[in-house]
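User: I'd like to learn how to read a model like this one. Can you walk me through it?

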Amino acid sequence: MRWNIHHILLYFPQSEDYDLLGNLFMEGKLDNCHGFRIVKIEPAILTNPPKCFIEVQADAEEGSKVQQEITSIVTNFSGAFTHLSVCETESPKTVNQQNSCPPVAVSMLFTGQTQSLALKTIEALSARPWDQFLLTDEVRNAVEYDTKYFINTARDFPIFGVKTAMPISGVRISLFVKDVKKFTKMEDFYSKVTMVKPYKRELNHEEIRYSTYTLSERSEFTLAAYPGVSPVSNPNVVLYFHVRNVSSCIPEAQKLSEDHWQMMDPEGNKLILFTPLLSDVC
């Protein structure tokens with residue numbers, strides 16, 4: 001399968017096939033494969049993807065650098081952070097985020113026992129080109145207590161969040177809703193995508209809306225509409241959702257391949273729906 005414009009992921013059922021591939025490479029017989037030249041063979045580890053993750057699209061020459069920048073932020077939380085991936089593209093569009101913010105945030109939830117690691121993560125996010133993304137006092141007091149958000153001023157990254165004093169560690173992916181009048185429509189849409197009924201927090205505030213979709217014990221997706229937050233859809237930050245049966249649940253999605261579909265949510269955010277290879281487990 002095609003991994004990106006420079007990589008192809010190969011899977012063989014027999015171990016002897018890997019030996020054959022290596023021998024062909026060493027003998028120089030893969031120097032011309034229908035116009036492509038194999039310059040390196042590396043091992044790959046297949047892992048179960050989370051039910052929701054974010055893909056950051058980067059220029060073809062910047063992918064490794066972007067991945068290193070992300071790793072330097074998340075390394076104190078996890079050495080195998082699967083909720084954020086990088087995809088190289090030929091020429092990603094750029095988005096001017098002045099006076100606005102990315103629509104998506106990824107938050108690392110630290111327990112009290114890992115407070116020191118949380119502080120190290122906040123320290124890494126406190127250096128340029130990161131700036132703290134401040135919410136209004138009414139939002140912090142009502143919902144986002146003990147959460148610090150940071151925005152990258154140089155790259156099309158999602159907002160990074162750090163929340164401490166959690167009972168268990170985990171990851172929260174948040175989508176900020178632009179128009180609070182569309183919040184109920186967005187709730188219904190993502191209920192269909194996630195197959196989860198959201199927990200709606202009652203806040204007694206007309207302009208603050210917050211709903212949580214629990215995807216697993218350590219992973220959740222949230223919709224949030226906050227006064228003072230002006231998200232702008234970004235084509236370089238894409239939400240991925242693991243679904244069981246796209247054709248029956250979301251027939252309007254556009255099929256890209258046998259296991260990937262594309263669609264837009266009611267506010268124009270791009271989504272990729274996928275089913276893992278050889279599996280229909282949600």
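Analyst: We'll go through confidence, the sheet and then some salt bridges. This is a predicted model, where local features need pLDDT of at least 70, side-chain atom pairs count only at pLDDT 80 or more, and totals for chains, interfaces and linings use all residues. Residues are numbered from 1 along each chain as its sequence is written, and side-chain values use heavy atoms, with hydrogens and water left out.

User: What pLDDT does the protein chain average?

Analyst: pLDDT is the predictor's confidence in each residue, from 0 to 100. Here the chain averages 88, and 91% of the residues score at least 70.

User: Now the charged side chains. How many salt bridges are there?

Analyst: Side chains of opposite charge can pair when their charged atoms come close. The cut-off is a side-chain nitrogen of Lys or Arg within 4 Å of a carboxyl oxygen of Asp or Glu. A search of the whole structure finds eleven. One of them pairs Arg155 with Glu62 at 2.9 Å, N to O. Arg155 is in the loop between β5 and β6 and Glu62 in the loop between β1 (52-59) and α2 (63-74), so this pair ties together parts 93 residues apart in sequence.

User: Is Arg155 buried or exposed?

Analyst: Buried means under 20% relative accessible area, exposed over 50%, and partly exposed in between (1.4 Å probe, protein chains only). Arg155 is buried at 18%, while Glu62 is partly exposed at 28%.

User: Which residue forms a salt bridge with Arg155 at 2.8 Å?

Analyst: That's Glu69, with 2.8 Å between the closest N and O atoms. Glu69 is in helix α2 and Arg155 in the β5-β6 loop, 86 residues apart. Glu69 counts as partly exposed, at 24% relative accessibility.

Terms used. Helix = DSSP H or I, 4+ residues; strand = E, 2+ residues; numbered from the N terminus.
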